[in-house]
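Have it open beside you and follow along.

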Amino acid sequence: MEQKLLIITYYFPPAGGPGVQRWLKFVKYLPEFGVQPIVYVPENPTYPIVDEGLVGEISDKVIVLKNKIWEPYQLASVFSKNKTKKISSGIFPQKKKQTFLDKTFLWVRGNLFIPDARVFWVKPSVSYLEKYIQENNIDTIVTSGPPHSLHLIGLELQKKLKVKWFADFRDPWTTIGYHKALRLSSYAAKKHKSLEHKVLNAADEIIVTSKTTKTEFEVITSKPITVITNGYDVETVEKQTLDSKFTLAHIGSFLSDRNPPFLWEVLVELLQEVPEFKSHLEIKLIGAVSQEVLDAIEEHQLKDYLNLLGYVSHQEAVAHQRKSQVLLLIEINSEDTKSIIPGKLFEYMVSNRPIIAIGPQGSDFADIVTQTNTGVFFDYSEKARLKSVILDFFNQFLEGKLQAHGVGLQQYSRKNLTKQLAQLIH
């Protein structure tokens, strides 16, 4: 007999961006492992990114439940649609460049809506799901955050119905990179900590995406914590012809704090020192790019080499991953981001293109890149080594020999990761 699993998530198609992929793929493969997925999502969400192409990827074996949500972003967009969209997708202007409106939006977001702006969905969801769970004999639920307010739905349902509850953290809670940007009062900061502690100690089991998050949470709770990373899926994309230019491609949100000045400096130096570099270089940016990143590229006089493509569908993004010469993976240089393993890393790894990965020393994704032989990791102090590797990649490009030679990738397939999940919840 199939086990029923109720999955409470905010991001689901037609949502685009990285937040949607994890549970879209779990849901796709769970029926193969004897689990009937039932997905509960908002009926009228404010998604910062929409990708209608992903709707076709929803398994026909999944049951989707929808319930209305009220979000303050709907109200805030009256004042500034653009700022609201950016803040809801985690793109914040740098502190020194924030306008009064920016500061106001961040203060309101951080102090009035705890843990986040989806908190008003908690009560109606508990009411709706309590009835559904009882009528359909469901004994296992998963809440996926961020938004972490969804874990409060799990907390209430567990109290009322004694269901087995797994709290899945795609990202950390109080140590996530943007948390400090929210201009929190001491009361709000304590409230976040208190809710985090409550959730981590009430959930029956916790699922995280990285070893560092597991270590951080082990200080807060003695509940069992399992690491199930994100992964890659089998993608039906036509064979791509490689870009004729030496393209350095960054695919996904390029946040202000991810801006790597030493990369731009390296490219400027190579343009000055290697005559052929000028006629071949292209910086290809796909997805939301912060103004600070664009300003830095202009300041380094690299604008002529920039190809800014904006947001594209997931299918197009995968095509670009396979035809770009080199793929850039950049994480904020902070202790708080060591645990972040960007979801696109796993798609990058099966693209057969070499990865230049930049992040803080001791990053969890550094080990994955190194162990799978899919690229080279650099911390922010390794400018000379970065220059040497880019030059080496460029010479291989000129010879038509540039490619990656990945090993041991199968462990990160979405099907294999879903098998781990199914074994955990059975």
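My entries on the sheet, one of its strands and some helices follow.

**Ground rules.** I am working with a predicted model, where local features need pLDDT of at least 70 and side-chain atom pairs count only at pLDDT 80 or more, while totals for chains, interfaces and linings use all residues. Residues are numbered from 1 along each chain as its sequence is written, and side-chain values use heavy atoms, with hydrogens and water left out.

**Entry 1, the sheet.** I took helices (H or I, at least four residues) and strands (E, at least two) as DSSP runs, numbered from the N terminus. I then traced an open sheet of seven strands, in the order S3-S2-S1-S4-S5-S6-S7, with parallel pairing; two strands pair if DSSP finds at least two bridges between them. The edges are held by S3 (63–67) and S7 (225–227), each with a single partner strand, so one side of each lacks a neighbour in the sheet. On average, neighbouring strands are turned by 20 degrees against each other, direction ignored.

Is S4 (residues 140–145) buried or exposed? I found six of its six residues buried, so the strand is largely enclosed by the rest of the structure. Buried here means under 20% relative accessible area, exposed over 50%, and partly exposed in between (1.4 Å probe, protein chains only). Thr140, Val142 and Ser144 cover one side, Ile141, Thr143 and Gly145 the other, and all are buried.

**Entry 3, partners of S4.** S1 (residues 3–8) pairs with S4 in the parallel sense over three bridges, and Ile7 has Val142 as its bridge partner in S4. With S5 (residues 164–169), S4 pairs in the parallel sense over six bridges; Thr140 has Lys164 as its partner there. From S4 the chain crosses through helix H6 (residues 149–161) to S5, a right-handed β-α-β crossover. Right-handed means that, with the strands pointing away from the viewer, the path from the first strand over the helix to the second runs clockwise.

Next I checked H1 (residues 21–29) against H16 (residues 414–425): their axes come within 9 Å and cross at roughly 80 degrees. Axes are lines fitted to C-alpha atoms, for helices over the stretch in contact, and angles run from 0 to 180 degrees between N-to-C directions. The two helices are therefore roughly perpendicular, a label for 65 to 115 degrees. The contact (heavy atoms within 4.5 Å) includes Trp23 and Phe26 of H1 and Leu417 and Leu421 of H16.

Terms used: Parallel < 35°, antiparallel > 145°, perpendicular 65-115°, else oblique.
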